Amino acid sequence: MSSSTTAPGSSPLTDAAPLSLCTREPHVPADRLVAEMVPPPRFDSVRFSTYIPDPNQPSQSEAVRVLEGFAGGLGGAHASGAGRRGLFGFGRARAPKAPAGPRGVYLDGGYGVGKTHLLASLWHATPAEPALKAFGTFVELTNLVGALGFQQTVQTLSGHRLLCIDEFELDDPGDTVLVSTLLGKLVEAGVALAATSNTLPGKLGEGRFAAADFLREIQGLSAHFRALRIDGEDYRHRGLPEAPTPFTDEEVTKAAYATEGASLDDFPHLLEHLAKVHPSRYGALTDGVKAVCLTDVAPVPDQSTALRLVVLADRLYDREVPVLASGLPFDRLFSEEMLNGGYRKKYFRAISRLTALARDAKGLVPSH
């Protein structure tokens, strides 16, 4: 897939023009949604041993210790592999009832303290084949329910040994009730759970942590979770240089033409295009893209657009796709009103992740 996107006055440096995300409208079949419920590429190789606890934050080392024990304790559930279902759960015997006691862990901490690293490490450490473990964001899980239907999702996941849910969303009451009900069915089937979450709107000014909100919102499931508080600062900025200043339109365009697999899009046009693609497909939107090049980065105009950009930033970060941009720096994407509002945590996470990807992209421009 190619695009004729070219900045005025520039000329292609290669025979092939860059890709354009704005020309892509991917359709993702339901079976792909199931098959992709594994840790994203950024977290393919993470393990507990690669998590480096901050010596000034003992809660980080304690979290590793507890999670290693939790993973080891999952060896008995569905250990024989009996009852394994096919892709959509047909033909599998009912899973055994869950044993007494907590069957879930909740990682409670601010963005950038390594919660996703630890959650993915738990997935890798759990003694089960990948087909019996599932890992996804809250949004990806709700998308799965939308694609398969509630009962089919229960059947598909009920034979699993572990379900990891990253970024459990507490800001949509309807989706929270839906997923809470789903998790109740899975706990009955013997599935162990692990989760991280975002805070509720209106609660963000009260602190970084969301354990009380999480346990209240999942209601009857709270007894199944042990909360692990993980203190610390955003590691993406710990000891790292400041984010690079944006490049010029010409530099970004030349880099896009010179980089195999790069995309090149005008930022305002990309924001418009995101409104036409369901967020569940943003991962597929970036299939095969090795670098994202954006011209004319400007403030995001409204909250709906901002939330779509947050999802795209998450998918790019998961896939380690560098982002080269001209225009405003990423810390000026969101208005003060947005940064002080109910979705503040999401916007700061997006700024943090896009800044990290901007650092990764510096090498795409010669002499930088």
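This is a predicted model: local features need pLDDT of at least 70, side-chain atom pairs count only at pLDDT 80 or more; totals for chains, interfaces and linings use all residues.
A charge sits over a ring when NZ of Lys or CZ of Arg is within 6 Å of the ring centre and within 35 degrees of the ring normal. Keep that in mind for Lys133, which lies over the face of Trp123 at 4.2 Å from the ring centre.

How many aromatic pairs does the structure hold? There are 2 aromatic pairs, and here is how they look side by side.

| Pair | Centre distance | Angle between planes | Class |
|---|---|---|---|
| Phe138 and Phe168 | 4.8 Å | 50° | tilted |
| Phe334 and Tyr347 | 4.7 Å | 20° | stacked |

Let us take Phe138 and Phe168 to begin with. Phe138 belongs to helix 4 (residues 138–148) and Phe168 to strand 3 (residues 162–168), so their pairing ties together parts that are 30 residues apart in sequence.

Why does the pair of Phe334 and Tyr347 count as stacked? Their planes are at 20°, and planes under 30 degrees apart count as stacked. Phe334 lies in the loop between strand 8 (323–327) and helix 12 (336–339), while Tyr347 is part of helix 13 (residues 344–361), so this pair ties together parts that are 13 residues apart in sequence. Both Phe334 and Tyr347 are buried as well.

Key: Residues are numbered from 1 along each chain as its sequence is written. Side-chain values use heavy atoms; hydrogens and water are left out. Rings of Phe, Tyr and Trp (its six-membered ring) pair if their centres lie within 6.5 Å; planes under 30 degrees apart count as stacked, over 60 as edge-to-face and the rest as tilted. Helices (H or I, at least four residues) and strands (E, at least two) are DSSP runs, numbered from the N terminus. Buried means under 20% relative accessible area, exposed over 50%, partly exposed in between (1.4 Å probe, protein chains only).
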